[in-house]
Amino acid sequence: MLTMQDVRKVYRTEHVETHALSHFSIAVNEGEFVSVMGPSGSGKTTFLNIAGLLDAFDEGTYTLDGVDVSRLSDREMSKVRNEKIGFIFQTFNLIPDLNVFDNVDVPLRYRGLGAASRKQAIEEALATVGLSARYKHYPSQLSGGQQQRVAIARALVGQPKLILADEPTGNLDSAMASEIMDLLEKINSSGATVVMVTHDPELANRASRQIHLLDGKLIDLAQERPAPLYDPSPAGQAV
Amino acid sequence: MEFGPIFRSLFQNRARTWLIVLEIGLTLAVVVNCLVLIRDQQAQIGRSTGMDEQNLIAVTSVPFDPAFQEEGYSVASYEQDLREIEAMPGVRSVTSILQFPLSGSGSATGRRIAGSEDQRTTVPYFLMGPDAIDTLGVELVQGRTFEPGDFPDLHDDDEEQAEEEEDTDHVTNILVTQYTADKFFPDGDALGKQIEGNNNNVDTIVGIVRLMHNSWPLGPDPENLMIHPSHPVNNRQTRYLVRTEPGRFDEVFVALEPKLREVEEGRIVTVRSLSEMKGNYYSSFTSMNQLLGWISVLLVAVTGLGIVGMTSFSVTQRTRHIGTRRALGATRGDIVRWFLVENWIMTGIGIAVGVALTFGLNYMLASMGGVPQIQPPILLVSILVMWLMGLLAALIPALRGSLVQPVIATRSV
Ligand SMILES: Nc1ncnc2c1ncn2[C@@H]1O[C@H](COP(=O)(O)OP(=O)(O)OP(=O)(O)O)[C@@H](O)[C@H]1O
Ligand SMILES: [Mg+2]
């Protein structure tokens, strides 16, 4: 699903160069649920940004779903983001001027689907996250957990192959966090590959594979994990 | 397109939306009414005054030589002037006149149908010498022009000639414009009819001029006019109106002053073209028009800048949302389009409100007097300009918004 080879990402500011990722290689197989842990500043978000085509990298190769994405144009990258990737943010990132329905609609709009099929997809996604009744609410009228569920509905509505979540439970209490985790597991079991950054070891343990980052490098604990339900192949190995 | 969600989201930002809508609406209303006013005055300035303006020269002679105070001197000089000017090469005809047409200064007096008990209405008039009609170049549609018998005797009592009108029990043969004729005699039978002034002085209409403007062509009643036969000569100043042959204006214009000073030295001679006098009179109106024009331009510019500012602000405010949209698959074009459609809707509502305000303002100004009706082409062009201006104003910040990187979405704030 996702293969990075010797990826390097350097942030340059006036005085400092930060090597956010260096010689970073990873392979994530289709259907995996990977949790990413590591201390603050270790490069987790950087990894997710690159994986989600939100940011460019300086060296190395990145193949997503069989496509070398390092050479895509801005337009092509937008298309890949729209069709193959669903993003879930720590801060939910709902658009406050839009109601729940229109928020979930956003990625579908950019796909140019007809109104009827969009409506059906949105209703299904909202049903999945259990918010069908609130489609007319505005984000400010929802609790944090509800907002994140809307964001999850928005991420999965286009049926992307890859879900990327950057500390999706970081702003939520543990009960809500667990609910969100349930949802992510549900999405994973229906076929999507999930990569989730978290600081919570308990949540991380629920993933099919855990990886650890330290100073922009991968530390694979190589723990044996049960393979995901529907994918009989062994979990991908970090190189 | 994202028409629906954008439309709904506008109502989540009511203050901003209404501010832009009102700004556009008010600007449209003021600009359209200014343009209508300008257009109307331009049309007034451009219309025919009935006279052969291009070939008319206004000459004023102010004597300073004490000889002019001697009895008969002014009159003799006046008669010689007329003869000499007439004989100049390139001159078609010449007449004397008390006040120049189109100049902004003139006289008016009360008149009513002779023998009636009507209220007297004000009629501007000119006192003019022989050859008045031919010199003015106006078209006589009924009756005749002045004949020598219409004029008072020049050698009788020159001091009082100009005030001839004030004499009692005197019948004068006069010319009037069609406008004035119709005003007193709407049935079209004015020729030969009489009108009267204050002291039982009665005028008989002997000729009707199709069109001629009085001294106030931008006044409410520019075509209201009568012409009295007179020799408007006195020892203080005398005025002549000279009509040149076509194409010989410049030649006559420069030759006039030397010629008159050759005839009689002891005076100051001023020579001006009638077009120049008209231009002077119109200048206050044209500068008013220019002011209105600049106000319109300025208003549109300020509104444009306002939209640039508001859109810029909302782009900055929504940087994170833009990043999120980019992360969810929006292309740069999608982002630009989003802001443009948003602006397009606001401008649209603004214009709708503006059209209502335009007619409201027009109605209000019209009831205060002086604003003509709205001409649809002016309204349409203004709408188009506002629309384009709105889109253009939104384009710059929208393009800036499209440069927001998708990675902004995951930045911790
Ligand atoms: N835009 C940027 N400009 C400069 N340096 C940056 C930028 N973004 C991240 N960095 C640096 O890169 C390194 C990795 O950052 P990253 O955000 O990937 O860490 P993280 O593992 O997500 O941390 P956290 O757990 O706090 O979210 C850090 O040292 C950070 O300071
Ligand atoms: Mg992070």
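Modeller: In this predicted model, Leu2(A) has Leu64(A) as its bridge partner, and that partner belongs to β4(A). The pairing behind this is between strand β1 of chain A, residues 2–12, and strand β4 of chain A, residues 59–64, which run antiparallel and are joined by five bridges. In a regular strand the side chains alternate between the two faces of the sheet.

β4(A) is also paired with strand β5 of chain A, residues 67–68, again in an antiparallel arrangement, here with two bridges. Within that pairing, Thr63(A) stands opposite Asp68(A) of β5(A). The two strands β4(A) and β5(A) make a hairpin that has two residues between them, and in its turn Asp65(A) has a positive phi of about 50 degrees.

Side chains of opposite charge can pair when their charged atoms come close.

Over all chains the structure holds 39 salt bridges, and another of these is found in helix α2 of chain A, where Glu83(A) pairs with Lys79(A) at 3.2 Å between the closest N and O atoms. Because Glu83(A) and Lys79(A) are four residues apart in that helix, about one helical turn separates them. Glu83(A) is partly exposed, at 35% relative accessibility.

Asp74(A) forms a salt bridge with Arg332(B), and their closest N and O atoms are 3.6 Å apart. Asp74(A) lies in helix α2 of chain A while Arg332(B) lies in helix α9 of chain B, so this pair joins two chains. Asp74(A) is partly exposed at 24% relative accessibility, and Arg332(B) is partly exposed with a relative accessible area of 34%.

Between chain B and chain A the count is four salt bridges. One pair that meets in a salt bridge is Arg318(B) with Asp97(A), at 3.9 Å from N to O, and these two residues belong to a network of salt bridges that also links Arg16(B) and Glu342(B). There are also 13 residue pairs in polar contact between chain B and chain A. On the side of chain B that touches chain A, α1 (3–10), α8 (319–327) and α9 (332–367) of chain B each supply at least two residues, and the largest share, six residues, comes from α8(B). Sorted by class, that side of chain B has eight nonpolar, eight polar and eight charged residues.

Taken as a whole, the contact draws 24 residues from chain B and 27 residues from chain A. The two chains bury about 2,500 Å² between them, with 55% of it on carbon and sulfur atoms. In chain B, the residues that lose the most area to chain A are Arg325(B), Leu328(B) and Thr410(B), which together account for 25% of what that side buries.

How values were computed
Residues numbered from 1 in each chain as written. Chains lettered and ligands numbered in written order. Predicted model: local features only at pLDDT ≥ 70, side-chain atom pairs only at ≥ 80, totals over all residues. Heavy atoms only, no water. Contact = heavy atoms within 4.5 Å. Buried area = accessible area lost by both parts, 1.4 Å probe. Salt bridge = Lys/Arg side-chain N within 4 Å of Asp/Glu carboxyl O. Polar contact = N/O pair within 3.5 Å; in protein donor to acceptor, adjacent residues only side chain to side chain. Nonpolar A, V, L, I, M, F, W, Y, C, P; charged D, E, K, R; others polar. Pairing = 2+ DSSP bridges. Buried < 20%, exposed > 50% of the residue type's maximum accessible area, 1.4 Å probe, protein only.
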